[in-house]
Amino acid sequence: MWVSPLSAVLTAAVPPLRIVLAVLAVLMFLIGVAAAVLLVIGLLRKRRTLWLIGLIVLLVSCVCCAAAASFAALYPQVDGGKLPLPLSATPTSAAELPVVPTPVTPPQMPPTPVPSPTLPPSAELSNGPWWLLPATDTLWAVNADGSALTRLLEQHISPFELPRLVAPNGGRVAFISDDPPGSYRQLTLNVLTLPGGEVEQIAALVAPQYEPAADAAPGDPAFEAVRAVAEGSSVAWSPDGSALAFMAVSETPFADLYVYSFDDGSITRLSTLKSQGIHPLWSPQGMQIAFVAVETLGTGAGYAVKGVLVADLTTKKVRNLYEISPKSGGEDLIFWASETSLLVDTWTSLCGRSDLRLFDLARAKPIRLWKNCFAEFAADPRNGTLLTYVDQSLAEFQSLSESGLLFANTAVPEAKFIHSSGESYTINFWPGPDLYSAAGENEVLLIQKDGSLSAMGFPCPYPACNPQIALGGPSWADAGNNAAGNSGLWVGNLGNPGNKVFESPVYHVSWQPGSETLLFIADDGVYLAALDEDFVPRLVSPIETPDLAQSFGDPIWVMP
């Protein structure tokens, strides 16, 4: 909208001016009516002077009347006498929209600290790192300080394992979309780049001639090929983030291994399978990719595994690593211990994970670290170690004389129990302090990278806790959202009980990379709590509905 200088002066005037202008407009209208009558009389009586005067007065009164009415109408549109902003020529994208906070009353938490006033919201995502929040069928993100809560995608994305999709650097996140949403049709590999939210289509993952029929079901080869692409953890970033491995049904009716290079935009096919490829895993130097070949992905009782393969990116050759046991319902590629050795286990319907072993590509036989069944685990590929447990029921099922925490080191030929216990644990590895945590029913044990127990363990703030260890200091935090006494946020130092700093339910908590500052999600938004502020929570990005806060999955950090 363009506004003349005269309009600006008039619209900055005091409110009575609008009344004066309105009266003037009415007066000019009446004069115009009189002039029109005079014009008609002059024409009828053929008196030239009379009708010319009437015509001139009529024109002048019309112009004055229109101007006065326009200025009077313009005044109410201006807030406090300020001119309207010019209209934007282009619409603002969703990623650029500012987060407008809704008034939120910080929860009172006596005798714990009361959250301080909210931080001013940021209008857009900054230069990173970013906290990526997966929600149902989409992705959100905030800045490292919790500001600028932004929805990154509008389209539907297929099921995913978020850690596989995030590049080690460059602010990139891969995802697979389909059209119509939820149909597993027209599957496409995309890469989203932060902070701008640009989305680049990398490749169509299923050629039109290989799309399954509308009535295809599990077991149908065409349907299994599409499942391998969409469900089989089919995407993996190279260690340096310059390439992306993925599965596609493009040149044959089977899911083959491909690699996309961000350096030159090329796509290279690495396998020619007669089965479906899943679970690609890069070697540390990015020269080889291990993956699993399956005939079907099953319906919950395991996969029909055909082989574990290794593709060499230099020679473009693929080799079968080992023969598959008839009892196998899945082969889990845990990590590459070196450029030539791979740690794997076998899943069976009998007891889950079992037969932990290290394969050296140059050897004919593997090194078996643990032949029996074991439970969930965490791994440290950099140091070549793994921590898991065997609880009492699993030990009794296998007639084992011992149960507890089990530590495996790929440099040592056999795993060993490091702590006797019959309970179950939640196990994590924290790369900053190089510590494993094993959270039991009432206690959190810390295990150092050599497998020894640390003296810095601490009691659980509530039964079956799952604390997060700071990567930049000796602190821990734990969040709960259960009404049975474990709602809130606890923060403490390693080796000591924690203090409750937030009373309301908390759904996710994470430490900023390399710092002792927390981000966490509650019903009303994203909060920040920092060590240098005594972990007093600040509401940074308000969320309008608890449903959105509760829909987020486990967040992950994206590095620039």
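Author: Happy to! Helices here are DSSP runs of H or I with at least four residues, numbered from the N terminus. Keep in mind that this is a predicted model.

Reader: Thanks! Which helix does Leu 27 lie in?

Author: Leu 27 belongs to a nonpolar surface patch together with Ile 31, Ile 53 and Val 57. Two elements give two or more residues to that patch, helix 3 (48–74) and helix 2 (16–44). The one that holds Leu 27 is helix 2.

Reader: Is Leu 27 buried, partly exposed or exposed?

Author: Buried would need under 20% relative accessible area, and exposed over 50%. Leu 27 has a relative accessibility of 44%, so its class is partly exposed.

Reader: How many disulfides does a search of the whole structure find?

Author: A disulfide is a covalent bond between the sulfur atoms of two cysteines. One joins Cys 351 and Cys 373, with sulfur atoms 1.5 Å apart. Another joins Cys 460 and Cys 465, with sulfur atoms 2.1 Å apart. The search finds two.

Reader: How many residues apart in sequence are the parts that Cys 351 and Cys 373 tie together?

Author: Both of these cysteines are buried. Cys 351 sits in the loop between strand 16 (341–348) and strand 17 (352–360), while Cys 373 is in strand 18 (residues 367–374), so the parts they tie together are separated in sequence by 22 residues.

Reader: Is the disulfide of Cys 460 and Cys 465 left-handed or right-handed?

Author: Cys 460 and Cys 465 are each buried. The torsion about their S-S bond is about -65°, so this disulfide is left-handed.

How values were computed
Residues are numbered from 1 along each chain as its sequence is written. This is a predicted model: local features need pLDDT of at least 70, side-chain atom pairs count only at pLDDT 80 or more; totals for chains, interfaces and linings use all residues. Side-chain values use heavy atoms; hydrogens and water are left out. Patches are made of residues with over 30% relative accessible area and no salt bridge: like charges are joined within 9 Å, nonpolar side chains (Val, Leu, Ile, Met, Phe, Trp, Tyr) within 5 Å. Accessible areas come from the Shrake-Rupley method with a 1.4 Å probe; for residues, only the protein chains shown count as cover. A salt bridge is a side-chain nitrogen of Lys or Arg within 4 Å of a carboxyl oxygen of Asp or Glu. Buried means under 20% relative accessible area, exposed over 50%, partly exposed in between (1.4 Å probe, protein chains only). A disulfide is a pair of cysteine sulfur atoms within 2.5 Å.
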